[in-house]
Amino acid sequence: MLRAFLVLVVLAVLLAGGGYFVAQRSLPVLDGIVSFPELGRGASVKFDERAVPYIEAASDLDLYRIQGYVTAQDRLFQMDMMRRTAAGELSEVFGSQSLPHDKLVRTIGINRAAAAELKGLSKDVSAALDAYTQGVNAYINSSKDRLSLEFLLLGYKPKAWTAQNSLAILKYNQYCLDESWRLDDLRQRIIDKAGNKIASKIFDRIFEAPPAVTSLPPLSPPPTAAQVSLASALSPAPGWGSNGWVVSSAMTESKGAYLALDRHFAFTQPCDWYLVSLKSPSLHLAGAAMPGVPGIVNGRNDRIAFGLTSLKVDVQDLFLEQFSPQFPGKYKTPTGWANAKEIVEEIPVRFSSSLVLTSNLLHKVLETRHGPVLIKNDQNAVALSWVGLNQPEKTTSCAEALYRLNHATNWAQFQGGLEHYAGSPFTFLFADKDGHIGYQQAGSIPERATAGKSSKYESCLLNPGWVGAGDWIGNVPFKDMEQVFNPAEGYYVANFRQSRSEMPLNLNVYRAQRVLNVLSSYKKSGQKPGLPEMALLQGDQLAPLAPLVKRTLVEAIGKTDSIDAFQLSALDAIEKWDGVLTENSSGAALYESFIRTVVRRILEPRLGAALTNEYLERYPGWSQVVERILLEKNTEWLPGEERTYKGFVITSFGQAVKDVRLQTKSDEPASWKWGDLHKVVFESELLRGAPGLVPLLGVLNGPAVAVGGDQDTVSSMESSLRRGPEQFVCRSGPTMRILIDLSDSEKFYQTLTLGQSSNWLSNTRNDQLRSWLTLKPLPIAFSPALEEKISQHRLLFTDR
């Protein structure tokens with residue numbers, strides 16, 4: 001029904017003069033005067049050629065008001081999609097195809113957690129959120145007749161913004177970075193299918209036998225194809241993380257401390273960050289903000305630079321709960337039976353009935369002592385524990401921690417702002433104008449009960465909730481979390497060393513190791529790197545397994561006659577390849593196809609195609625399994641049709657070459673370019689919510705561009721790993737890069753994937769793409785002189 005409705009709307013828009021007129025009317029206003037009575041005093045905004053706003057106001061609250069306004073005029077539809085995604089309100093726009101997502105986030109309780117956090121905010125943070133909310137609503141109220149094209153196509157208008165919307169967006173972002181319960185469930189299903197021995201090998205950890213419980217069958221009826229497509233589009237990728245490092249003044253060319261960071265997320269149109277500068281008599285901030293949230297997440301103030309990366313430790317657990325057959329609301333605990341809490345959520349669903357445009361679906365949520373029940377089947381249920389839902393007394397939220405980071409001026413204040421933070425754990429990077437660097441891990445990392453020596457549990461599997469083993473009994477104290485001020489090495493690389501107190505999730509280890517090796521080589525050689533070297537390191541595409549793969553292929557194939565001309569040409573391309581995954585390299589394409597073929601041929605006979613697909617897409621460490629296979633040369637790994645390791649390598653390479661020929665539709669090795677297979681697709685927020693409309697409205701997507709790299713390179717470009725025409729398509733990676741040299745306020749660079757604006761006709765919709773692709777950092781003005789030099793537009797706000 002939604003598709004038919006949109007076809008009619010599109011036709012109506014075309015008859016009325018087309019989307020061009022609508023997009024033209026909704027372009028952001030960069031020059032002129034805006035009346036904003038809620039301001040304490042007048043203010044101004046300068047815009048550079050990228051439409052980065054440089055806001056100057058008489059008070060901090062006026063800064064947040066105008067930040068809300070200018071962000072909304074560039075990104076209102078994105079902000080509305082973000083709050084609906086977080087609150088479980090997509091079905092109100094897209095209809096029943098969005099129900100699986102809405103039901104999940106309503107069950108987890110993202111919005112309920114945001115409402116609880118709102119009540120516990122300090123006066124300063126509450127006032128900042130309210131001011132930002134005023135700014136967003138000022139734009140909504142003044143622009144009802146010039147909303148963006150997406151609102152017109154979907155036939156609805158945005159509701160008023162609330163402070164709770166901002167907190168829900170932050171909470172959902174943390175959920176995406178933390179989400180590991182799907183991986184826990186996957187581990188459990190692989191153990192059920194293939195046993196503990198295979199699971200231990202492919203997840204690189206030892207699982208005790210037998211497992212405490214087995215996984216539950218899926219509920220019926222199964223989801224529709226449209227619902228599966230939407231769930232896939234919105235499901236967080238487990239590889240999402242970041243690269244980040246700091247370098248002390250003693251090691252740098254300028255003798256100033258460096259901060260380098262790139263944040264990874266799904267590639268969307270527009271991207272997930274918004275660049276902004278905020279200046280008042282008491283505060284000067286600049287950097288990347290999250291649309292819908294006041295302040296800066298990664299950037300700098302007058303004294304320090306700061307950035308955060310997700311700390312990949314296990315902060316989500318699954319518990320099997322036993323419900324009473326006689327009393328359905330009661331479930332078993334170690335001390336007896338307890339009542340599950342019941343919550344009813346009303347989900348508005350568009351086009352759910354031919355009689356009304358929108359109706360409400362009542363969705364019942366159960367909560368046990370462990371958390372919300374994700375799935376219930378007869379007398380069994382699975383409950384989720386997540387640190388994002390547990391806010392202990394006398395602790396602060398993510399919004400509070402970010403506010404305090406924005407205002408910190410030294411290491412003591414930096415640490416003080418994080419000391420009481422409870423929520424998703426992060427590694428917070430620090431650098432200051434005096435040349436110091438540091439890092440502090442902060443957030444909630446669960447401490448788990450063991451319930452006696454005879455009780456065995458795995459926090460990464462499904463555990464019985466009535467035993468007590470694995471129950472959360474507290475969090476790791478802040479004083480025990482890793483932190484260093486001025487590390488002896490002179491640098492620190494995030495995501496290389498994990499918390500000592502908790503088993504880390506199985507991260508991709510290669511990226512951080514490569515950064516560490518490069519920085520270590522600078523220190524050993526005495527070379528002083530500058531920001532250009534840091535920019536090159538952010539874009540590094542060296543394949544970590546290249547030497548091993550080349551050696552393996554040459555040893556197995558070099559002296560055999562049982563290969564065809566295509567494989568001979570391919571082997572020649574591999575031998576001549578420099579190991580760098582550039583988009584123009586045929587060796588890179590063959591390398592990628594080979595390592596995928598190896599892991600698939602090993603796993604599919606043991607797991608089946610469906611579980612293998614899910615493993616490759618959800619487990620970031622799969623390429624480490626390939627490394628181990630090629631190093632060990634153990635015939636135990638081989639599929640049944642292979643008798644020797646050498647034969648396995650030869651046939652796997654033959655299949656890899658065949659796949660590349662099919663994907664490129666060419667038999668010429670010169671045409672087997674990695675970038676022709678590996679393209680970034682920037683999906684529009686509208687089409688992420690309604691993937692079935694891509695054939696009709698695909699023009700709203702960003703451009704498809706060839707990229708190098710892969711999941712293992714510093715320039716991390718995650719791609720689909722499912723078989724088929726899109727098996728190499730790149731869907732997530734570094735959506736924002738930042739470089740700061742604190743020796744000079746003019747050495748501040750920040751680049752997005754596409755641009756500031758989401759408007760279809762805006763000059764700043766895709767203007768940063770070329771710089772992002774070519775690793776050319778773009779400046780953010782932090783000195784008055786540079787700000788004046790690069791400013792091209794000026795918008796004045798009056799308080800009348």
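This is a predicted model: local features need pLDDT of at least 70, side-chain atom pairs count only at pLDDT 80 or more; totals for chains, interfaces and linings use all residues.
1. Counting a salt bridge wherever a side-chain nitrogen of Lys or Arg lies within 4 Å of a carboxyl oxygen of Asp or Glu, the count comes to 35 salt bridges.

2. One of the pairs joins glutamate 345 to arginine 112, with 2.7 Å between the closest N and O atoms. Because glutamate 345 belongs to strand 14 (residues 341–350) and arginine 112 to helix 6 (residues 110–119), this pair ties together parts that are 233 residues apart in sequence. Glutamate 345 counts as buried, at 13% relative accessibility, whereas arginine 112, at 22%, counts as partly exposed.

3. A salt bridge also links arginine 369 with aspartate 471, where the closest N and O atoms are 2.7 Å apart. Here both residues lie in loops: arginine 369 is in the loop between strand 15 (358–367) and strand 16 (373–377), and aspartate 471 is in the loop between strand 21 (462–464) and strand 22 (472–475), so the pair ties together parts that are 102 residues apart in sequence. Arginine 369 counts as partly exposed, with a relative accessibility of 39%, while aspartate 471 is buried, its relative accessible area being 10%.

4. Salt bridges that share partners join Asp80, Arg83, Arg84, Glu92 and Lys159 into one network. Within this group, glutamate 92 forms a salt bridge with arginine 84, and the closest N and O atoms of the two are 3.0 Å apart. Arginine 84 is buried, since its relative accessible area of 4% falls under the 20% cut-off.

5. The remaining points concern helix 15 (residues 510–525) and helix 16 (residues 531–538), whose axes come within 11 Å and cross at roughly 155 degrees. Because angles over 145 degrees count as roughly antiparallel, helix 15 is described as roughly antiparallel to helix 16. The crossing in which helix 15 passes helix 16 is right-handed.

6. Which residues make the contact between helix 15 and helix 16? On the side of helix 15 they are Val515, Val518, Leu519 and Tyr522, and on the side of helix 16 they are Glu533, Met534 and Leu537.

Technical notes. Residues are numbered from 1 along each chain as its sequence is written. Side-chain values use heavy atoms; hydrogens and water are left out. Axes are lines fitted to C-alpha atoms, for helices over the stretch in contact, and angles run from 0 to 180 degrees between N-to-C directions. Helices (H or I, at least four residues) and strands (E, at least two) are DSSP runs, numbered from the N terminus. Angles under 35 degrees count as roughly parallel, over 145 as roughly antiparallel, 65 to 115 as roughly perpendicular and the rest as oblique. A crossing is left-handed if the near helix is turned anticlockwise from the far one by less than a right angle, and right-handed if clockwise. Contact means heavy atoms within 4.5 Å. Buried means under 20% relative accessible area, exposed over 50%, partly exposed in between (1.4 Å probe, protein chains only).
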